[in-house]
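Please have the sequence and the structure ready.

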Amino acid sequence: MLAAGEPRANRFGADRIFGQTAAVIRYRFGRDDLLRTRFALSPLFEIVWSAHILRRPDRAPLHRPWVADARECLAGFDWSLLDWLANGYGDYGYVPDFITPPPATPIADLDGELARVRATPPEQVAREVRSRFDDRPVPEPVRPLLDDPAAGLDRLVAVMRAYWERVIEPWWPAIRAVLEADVVHRARRLTAGGTIEVFAGLHRDVRWRDGAVEVEHRHDQDVDLRGRGLLLVPTVFAWPEVFAMIDEPWQPALIYTPRGVGTLWAPAEPDPGALDALLGRRRARILRALRAPAATRDLAARLHASPAGVSEHLGVLRRAGLVSAQRDGRRVLYVRTAAGEQVLRAPRAAS
C-alpha cells in the first residue's frame, strides 16, 4: 500500500518538486467498473494506520487525544512486530498489503480479517516483507515471518488482536459511526450525481479525469480495473492522507479520510443531566444515539424502546431543527443537524 505524497526512499521513486507532484496513479474505469465500485469498512486498516499515528503524532494533531490514551493502554505490551511492518525505519514507504487485505464484505469482521492475514501464502509474505525493507536489514522482530512463516503469522495475528483490544475496540462504536455516516453520504451522492460526485471532495490529491480516478503520488502507474471496480475504504486514522492499493492479487482500493472525523475525539457532553432536563430524557438519548444516520426501527432496537415512541420523539426533534430526515431507498434515515451537534457540545453555564 502506498501513501499519496509521502516522501519515501525506496524503489517507487519520483519526487514532489516545489509543491507539485511528478507522478500520479490512474485507476482506469471500464464499462463494468462503475457498477462494481463499492464501499467497505475494515478494522485492520484502522489498526495499521493508527500505528502510523502513534509513531508520528506531530503529523496528525487531530488524533492527539487518542494518542495519549493509546500510549497508556500499550504500556508494557510488545507490539514491535506490527510497529516495524507499519512504520519501518521511520518512513511510510511501502506497507505490506497482506496485513491489510482489502475487505471482502461491506463491514469486515475482525476475526474473519485476521484469519485472512493468517492464511497468507508464505511466498507472498516473504515478497512483501522484503519490499517493505527494500535493501535494508529485516529487523529481528520481523524475521520469524521469513524464517518460520507459520509461527510468524501466528505471532502477528496475536499482536494485532491484542493491539485492537487495547486501543481500537474501546473507541470502535464511535469510529464505526463516523465511517458508516460517510458511506451513507457518498453512496447517496453516487446515486444522485454519478461517479464524479463521489470523488469530488474525497481528498485534495484525488480527482476524476477522462474516465479515470487520478491520485497524486510519487509513484506513476496506470491501473486497469478490468471489471473489478474500485474499493473505497474510509479510515479515520488515514487523516490527513490518502492511500492506494494497486498490487496483485488484491482488489484495487483507495483508503481515505471520512467526513466528520474532526468531531470524533471531541470532549464529552459537559453536563448530560442538563440536556435531559432541556429535551426530556428519551429525546436526549435519541439525539445522542444519532451520531450516524439511523432508521426509526434501528434506533428503537438500539435503545430498547418502541418504534412508535421513537418516531414520536424524532418528530419533535425534527421540528426543533435538531435532526433531519433523508430517504434512503425505502427507508427514512435520521441524522443530527449542525444545531443538534451544537446542543450536544455546548458548554453549560456555571451556576
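## Helix 2 against helix 8

In this predicted model, helix 2 (residues 43-55) packs on helix 8 (residues 149-168), with the two axes 10 Å apart and at an angle of about 75 degrees. Angles of 65 to 115 degrees count as roughly perpendicular. Helix 2 and helix 8 are therefore roughly perpendicular to each other.

On the side of helix 2, the residues that meet helix 8 are Pro43, Leu44, Glu46, Ile47, Val48, Ser50, Ala51 and Leu54. Helix 8 contributes Met160, Tyr163, Trp164 and Ile168. Sorted by class, the contact of helix 2 with helix 8 holds ten nonpolar residues, one polar and one charged.

## Helix 2 against helix 5

Helix 2 also meets helix 5 (residues 110-118): their axes come within 9 Å and cross at roughly 70 degrees. Because of that angle, helix 2 is roughly perpendicular to helix 5. Pro43, Leu44 and Ile47 of helix 2 make this contact with Leu110, Glu113, Leu114 and Val117 of helix 5. The contact of helix 2 with helix 5 has six nonpolar residues and one charged residue, and no polar ones.

How far apart are the end C-alpha atoms of helix 2? They are 19 Å apart. At 1.5 Å a residue, the 13 residues of helix 2 should span 18 Å, so the two values agree.

A residue counts as buried when its relative accessible area is under 20%. Twelve of the 13 residues of helix 2 are buried, so helix 2 is largely enclosed by the rest of the structure. Among the buried residues are Pro43, Leu44 and Ile47, which take part in the contact with helix 5. Others, including Phe45, Trp49, His52 and Ile53, are buried too.

Strand 9 (residues 231-234) is covered on both faces. Leu231 and Val233 are buried on one side, and Leu232 and Pro234 are buried on the other.

Which strands pair with strand 9? One of them is strand 5 (residues 38-39), which pairs with strand 9 in the parallel sense over two bridges. Within this pairing, phenylalanine 39 has leucine 232 of strand 9 as its bridge partner. Strand 11 (residues 253-256) also pairs with strand 9 in the parallel sense, over four bridges. There, leucine 232 stands opposite leucine 254 of strand 11.

Conventions:
Residues numbered from 1 in each chain as written. Predicted model: local features only at pLDDT ≥ 70, side-chain atom pairs only at ≥ 80, totals over all residues. Heavy atoms only, no water. Buried < 20%, exposed > 50% of the residue type's maximum accessible area, 1.4 Å probe, protein only. Pairing = 2+ DSSP bridges. Axes fitted to C-alpha atoms, helices over the stretch in contact; angles between N-to-C directions. Parallel < 35°, antiparallel > 145°, perpendicular 65-115°, else oblique. Contact = heavy atoms within 4.5 Å. Nonpolar A, V, L, I, M, F, W, Y, C, P; charged D, E, K, R; others polar. Expected span 1.5 Å × (residues − 1).
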